[in-house]
Amino acid sequence: MKNSIKITLLAVGIILFSTSCSKTKDDICDINIICYTEAPDDLYVKLELSTNPSSTPIEVRFYIGNMDNGELYDKFHTTNNVEYYLMPINERYTATAKYLVEGDTVMVIDSDRLSRESYKNCEETCYDWEDEIILNLKLKK
Amino acid sequence: MLHNKGRKVVFSILFIFSLTVNPLKTFAQPLAINPFAVSYFQPKFGINLGTFFNHQDFLFDFGIGLEELGYDFSITFNGSFRPYYKTVYFKESDNLYWQIEEKVVQFSIDLEKRFYFLEFDNNSKIGLYGILKTGYFYGTYKGLSKNRNQDFGLTPGGGIAWQFSKIARFSVGYLYFNQNPYAHPHTFNLKLSLYINKDEQQ
């Protein structure tokens, strides 16, 4: 086999190997690791808001799923900078916030999936999760 | 984890360079050659990886396809994508704007022609190239189920190509990426192309 073929195959192999063979939690067996064997059913979705430049309450909508094809779960006006929902995991959640900026309406949209991870540790299934997801509904300009 | 993977990819690319580059040989005895001269047909299978970017955006670009070393052209199928979400603004109607997080993707057929004008002792070559990406572009958005800003478009570009070994080429140039609606269209383009060349020892 010519050198060029060897080098090309080696190069592709190195890239594939280095990007796919990272050690994950699946590989471990450590009895000192705190293992949560029960997964939570609900976790928090945190909505972070800016203060409305017009000083009026902000209209917030909260959807299960996407904004365009999901279910509208809640709609309210608020002057708070933070709101929380305790929601079932393994769902996507989307929130919108409407601000009045110099006569224009700016609707900020953010979305994320509430989920938890599982991994094996010494033949035991352990669960890992973030305490909350943050939907950033702050104005950026 | 993501950071580690990034480091490994960069390490891999640097390692590939170390396998293919011999700087002492590369810059020996330059010889001016006719940039329009062609040789016999030498089609090779090739892969390429690169990026195009400016002060407002950054996309990775990966491709596979035909590398023709006799006539110095390439026809490859490429996929490009922005690897992170960027905040953009839609004007939905009069006095209503959306602030939303966007990723963009483009699939394209890339046609590239190279015109080498300097050749070195070890057959490494430097020249100019022109490229035309013909592709389908779209944006995906957090909170929306449907893609937006779909567009079939042409992305022209050009720059300097350096074939630094018989299996590898590095290109630096410009790309006019005007499909991207929320970023400046003028981008820098860096690309590493690798190809299987059985004629290396000839």
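Reply: Happy to. One term before we start: a residue is buried if 20 or more other C-beta atoms lie within 10 Å of its own. By that rule, 33% of the 202 residues in chain B are buried. Please keep in mind that this is a predicted model.

Me: Good to know. What share of chain A is buried?
Reply: In chain A, 19% of the 141 residues count as buried.

Me: And what scores does the model get?
Reply: The ipTM is 0.79 and the pTM is 0.78. Chain B has a mean pLDDT of 86, with 84% of its residues at 70 or more.

Me: Which elements of chain B have the lowest and the highest mean pLDDT?
Reply: The lowest belongs to helix α2 (residues 23-26) of chain B, with a mean of 48. At the other end is strand β4 (residues 73-81) of chain B, with 96.

Me: How many helices and strands does chain B have?
Reply: Two helices and ten strands. Along the sequence of chain B, the order is α-α-β-β-β-β-β-β-β-β-β-β.

Me: What about chain A, how many there?
Reply: Chain A has one helix and nine strands. Its pattern reads α-β-β-β-β-β-β-β-β-β.

Me: How much of the contact in chain A joins residues 24 or more positions apart?
Reply: Counting contacts with a separation of 6 or more, 67% in chain A are between residues 24 or more positions apart. For chain B, 56% of contacts between residues at least 6 apart join residues at least 24 apart.

Me: Let's stay with chain A. Which strands make up its open sheet of three strands?
Reply: The order is β4-β1-β9 in chain A, and the pairing is mixed. β4 (82-88) and β9 (132-137) of chain A are the edge strands, each pairing on one side only. From one strand to the next, the twist averages 25°.

Me: Switching to cores. How many residues are in the largest nonpolar core?
Reply: It has 22 residues, and those with the most contacts inside it are Leu47(A), Ala95(A), Ala97(A) and Leu137(A). Strands β1, β2, β5, β6 and β9 of chain A each supply at least two residues of this core. There is also a second, separate core of five residues, including Phe164(B) and Tyr195(B).

Me: What does Leu137(A) contact?
Reply: Apart from neighbours within four places in sequence, its contacts include Leu47(A), Ala95(A), Ala97(A) and Val108(A). Glu48(A), Leu49(A) and Asp110(A) are in contact with Leu137(A) as well.

Me: Over to chain B. Why is Phe137(B) classed as buried?
Reply: Because 23 other C-beta atoms lie within 10 Å, and the cut-off is 20 or more. Phe137(B) sits in strand β7 (residues 125-141) of chain B. Among the residues it touches are Val104(B), Gln106(B), Gln150(B) and Gln179(B). Gln150(B) is 13 residues away along the chain, with 5.4 Å between the two C-alpha atoms.

Me: How many bridges does β7 of chain B share with β8?
Reply: There are 14, joining β7(B) to strand β8 (residues 148-165) of chain B in an antiparallel pair. Gly130(B) is bridged to Gly158(B) in β8(B). The hairpin of these strands has six residues between them, and Gly143(B) takes a positive phi near 95°.

Technical notes:
Residues numbered from 1 in each chain as written. Chains lettered and ligands numbered in written order. Predicted model: local features only at pLDDT ≥ 70, side-chain atom pairs only at ≥ 80, totals over all residues. Helix = DSSP H or I, 4+ residues; strand = E, 2+ residues; numbered from the N terminus. Buried ≥ 20, exposed ≤ 12 C-beta atoms within 10 Å, placed from the backbone. Contact = placed C-beta atoms within 7 Å. Pairing = 2+ DSSP bridges. Axes fitted to C-alpha atoms, helices over the stretch in contact; angles between N-to-C directions. Core = buried A, V, L, I, M, F, W, Y, C linked by C-beta atoms within 7 Å. pLDDT = per-residue confidence, 0-100.
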